[in-house]
Amino acid sequence: VAFWKSIETSGNATDFQAYLDRYGREGAFTGLARNRLNALTQQPGAKSARETKTPLSEEQQLAEALIRAQRMVKELAEDAKQLMGAKEVSFAVRVQKFRGLLGHVVDFKTMANFVLGKHRQALRPEQWEAFFLLYQELFLSGYTFTSANSWVGKFEVKSIRAYGPDILVTIEAQRKTEKPLEFALRVRPKAESFFGFKVVDAMVEGLSLLVTQRDEYRPVLDREGIGGLIKALEDKIG
């Protein structure tokens, strides 16, 4: 992850080749590195519309954002499938790397601040750290749509549209023994990230994960404070 963070915004093909040389098929970001390497080597002199001096209209900016957000989700699915298919790597290690891959594109800080609401300002640094670690763990291991199996089967982007200042990508994941799982990821422009976006919410059956969490946490915070919420999350996660 540290290696990837150091190169993810690079425009130099050799950086991504170095990642592939070092981690090969076992890297959590191998698929993304290969895609970026191909893009850089196939069009060595090309510049995106964002890099040209001609300003884009609002419609052009939205069109470009929709394309990039869709690519982000598809490449994540492709990388997850490749990673989880590396049978020479133990299952435990593959799942750990998948969690690192997924967690890298989620803006946990924005999400955690939202669900805490007015209580965020009163937290001491050690309380925030304890809550934040638990909150990340809950997202990565507590929901069906964040499990590796939901990302490595047949996977289809059903729709993609503007959602206020964000973009909503609706996904259908086919599962072998259960009915297809449909969920949506709300992604927000983040210039510093690999794709230019990060996940800031998920929608399941039309319900916002963040709003649901906020409504669930608020009574506990009002009644027992952050200590009570931390204990409740510890009990929930196990």
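**Notebook: salt bridges in the predicted model**

I looked up Lys236 and found that, at 49% relative accessibility, Lys236 counts as partly exposed, a class that lies between buried (under 20% relative accessible area) and exposed (over 50%), computed with a 1.4 Å probe on protein chains only. I note that this is a predicted model, in which local features need pLDDT of at least 70 and side-chain atom pairs count only at pLDDT 80 or more, while totals for chains, interfaces and linings use all residues. Residues are numbered from 1 along each chain as its sequence is written, and side-chain values use heavy atoms, with hydrogens and water left out.

I then followed Lys236 to its partner Glu216, with which it forms a salt bridge at 3.4 Å, N to O, the term being used for a side-chain nitrogen of Lys or Arg within 4 Å of a carboxyl oxygen of Asp or Glu. Glu216 is partly exposed, at 40% relative accessible area. I also recorded one network, in which salt bridges with shared partners join Asp166, Arg186, Arg188 and Asp201.

Searching the whole structure, I found 11 salt bridges. One of them pairs Arg99 with Glu137 at 2.7 Å, N to O, and this pair links distant parts of the chain, since Arg99 sits in helix 5 (residues 91–104) and Glu137 in helix 7 (residues 125–141), 38 residues apart; helices here are DSSP runs of H or I with at least four residues, numbered from the N terminus. Arg99 has a relative accessible area of 24%, and Glu137 has 26%.

Last, I checked Arg214 and Asp215, whose salt bridge has its closest N and O atoms 3.4 Å apart; Arg214 is partly exposed at 24%, and Asp215 is partly exposed at 41%.

Notes
Helix = DSSP H or I, 4+ residues; strand = E, 2+ residues; numbered from the N terminus.
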